[in-house]
Amino acid sequence: MPKLQLWGYRCERCGHDWLPREQEQEPRVCPKCKSPYWNQPRRALRQTQSAYKISQAHFISVEDYAAGYPAETVGHSLLVHADCFDWLSDIPEDSLHAIVTDPPYGVKEYEQEQLTKRKNGSGGIWRIPPSFDGSVRAPLPRFTALNERERVQLSHFFQKWAELSYRALRPGGHILIASNAFLSQLVFSALVAKGLEFRGEIIRLVRTFRGGDRPKNAEEEFPQVSSLPRSCYEPWGLFRKPMPRNMTVSQCLRKFGTGGLRRPHPEQPFSDVITSERTSQVEREIANHPSLKPQSFMRQLVHAVLPLGSGIIADPFMGSGSTVAAAEAMQLQCIGVERHLEYYELSKRAIPQLARLSVARILDSEPAQLTLQM
Ligand SMILES: C[S@@+](CC[C@H](N)C(=O)[O-])C[C@H]1O[C@@H](n2cnc3c(N)ncnc32)[C@H](O)[C@@H]1O
């Protein structure tokens with residue numbers, strides 16, 4: 001019997017085979033996993049042994065984590081221009097030691113359309129907060145304006161993100177995720193729903209310009225009322241990918257280099273309240289991003305999430321790179337992923353400058369974090 005030979009494609013990412021409808025044009029994406037890199041072998045799959053031998057090499061080769069996306073190294077870290085949902089699916093499973101990130105909260109506030117509205121000062125989710133002292137404020141996203149449908153979307157967004165982060169993290173690896181007082185419950189529940197352990201919150205004590213306003217359009221009628229409390233803290237959710245069954249923290253530290261949090265000083269545990277400040281003008285001049293976080297705070301977080309002082313941190317919503325800069329300043333390694341080209345380009349310039357800044361310690365009644373050399 002004559003053999004019939006069929007001609008088709010195989011996806012390098014998910015292994016799916018298919019027959020093309022048209023023979024002329026190369027498919028743009030894999031019909032199954034939708035990867036646009038279906039015809040490029042996944043470089044990241046060639047996991048180097050060194051990625052797992054943290055005790056032998058302090059710095060890990062991060063280039064393989066580009067996973068075929070445009071990327072650039074900065075110091076010991078890597079910047080990747082990609083959608084983090086794609087990137088997290090493409091990197092090797094169980095490979096990241098920790099994630100420290102500040103995600104978009106309206107989900108849509110970093111869509112191109114909303115960023116253009118922000119630039120033009122023409123509405124959208126960004127609004128100018130009320131002035132308490134007469135000086136002009138930068139626009140903030142209006143999270144309270146999310147309707148029920150958008151809250152469900154937000155929950156799905158974080159569930160999907162949690163699933164992918166779970167896959168990419170090593171057992172015992174921690175996530176620190178920025179939030180705010182009225183969305184944290186929704187976001188943290190989404191992460192728990194996908195199997196991550198809730199390990200508490202790190203409270204960044206900072207006065208922002210959120211909340212405290214009198215009821216809208218009735219300010220004079222109800223001068224004694226605030227519709228929301230004035231925000232004086234920022235909660236960062238602390239999560240951990242479960243350790244293998246019956247494994248202790250010490251065994252996890254030995255095997256995966258994860259499971260615990262690094263102390264700022266041998267005599268002081270990492271504490272869950274950190275007195276902070278608004279991002280300084282100097283930092284904002286270096287990196288003009290609407291959600292730039294201060295180095296004085298970020299350096300304490302990146303230090304804490306690598307218990308043995310070695311391994312790979314990722315910031316999948318990098319923005320202008322304050323997490324990566326903090327890691328660089330603390331002699332650690334981080335991979336920053338950013339989807340918006342303008343911010344990706346900005347991060348390349350900003351990270352070395354932010355990392356070089358010497359950061360004043362904030363003196364207060366909470367000494368636990370203050371012994372850290374920054
Ligand atoms: C809240 S900002 C983080 C800013 C950061 N804290 C900094 O200091 O610059 C969130 C960032 O995530 C980016 N982003 C949103 N969705 C993304 C996605 N799916 N993949 C990668 N980046 C994304 C946005 O463009 C934005 O720059």
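Tutor: Two strands pair if DSSP finds at least two bridges between them. Strands (E, at least two residues) and helices (H or I, at least four) are DSSP runs, numbered from the N terminus. The model here is predicted: local features need pLDDT of at least 70, side-chain atom pairs count only at pLDDT 80 or more, and totals for chains, interfaces and linings use all residues. Residues are numbered from 1 along each chain as its sequence is written.

Student: What makes β9 and β10 a pair?

Tutor: Eight bridges join them, and the two strands run antiparallel. The pairing rule asks for at least two, so they pair. Within this pair, E197 stands opposite R240 in β10.

Student: How do you know that β8 pairs with β10?

Tutor: Count again: five bridges join β8 to β10, also antiparallel. Here L176 stands opposite L238 in β10. On to β5 (residues 96-101) and β8 (residues 169-178): five bridges link them, but this time the strands run parallel. T101 stands opposite I177 in β8.

Student: Why is the sheet's pairing called mixed?

Tutor: Strands of a sheet pair through backbone hydrogen bonds, either parallel or antiparallel. In this sheet, β5 and β8 run parallel, while β8 and β10 run antiparallel. The sheet is open and has nine strands, in the order β3-β4-β13-β12-β5-β8-β10-β9-β11.

Student: What makes β3 and β11 edge strands?

Tutor: β3 (71-74) and β11 (273-275) each pair on one side only. From one strand to the next, the twist averages 20°. Angles run from 0 to 180 degrees between N-to-C directions, with axes as lines fitted to C-alpha atoms, for helices over the stretch in contact.

Student: Which strands does helix α3 touch?

Tutor: Helix α3 (residues 148-168) packs on the sheet against β5 and β8, and its direction makes about 140° with that of β8. Helix α7 packs there too, touching β5, β8, β9 (197-205), β11, β12 (312-315) and β13, at about 160° to the direction of β5.

Student: Why is I175 called buried?

Tutor: A residue is buried if 20 or more other C-beta atoms, placed from the backbone, lie within 10 Å of its own; 12 or fewer means exposed, and in between is partly exposed. I175 has 26 within 10 Å, so it is buried. The residue lies in strand β8.

Student: What is I175 in contact with?

Tutor: Contact means C-beta atoms, placed from the backbone, within 7 Å. Leaving aside neighbours within four places in sequence, I175 is in contact with I99, S165, L196 and F239.

Student: What makes a nonpolar core, and how many residues has the largest?

Tutor: A core is a set of buried Ala, Val, Leu, Ile, Met, Phe, Trp, Tyr and Cys residues joined through C-beta atoms within 7 Å. The largest has 73 residues. V80, L176, V302, V305 and I313 have the most contacts inside it.

Technical notes
Contact = placed C-beta atoms within 7 Å.
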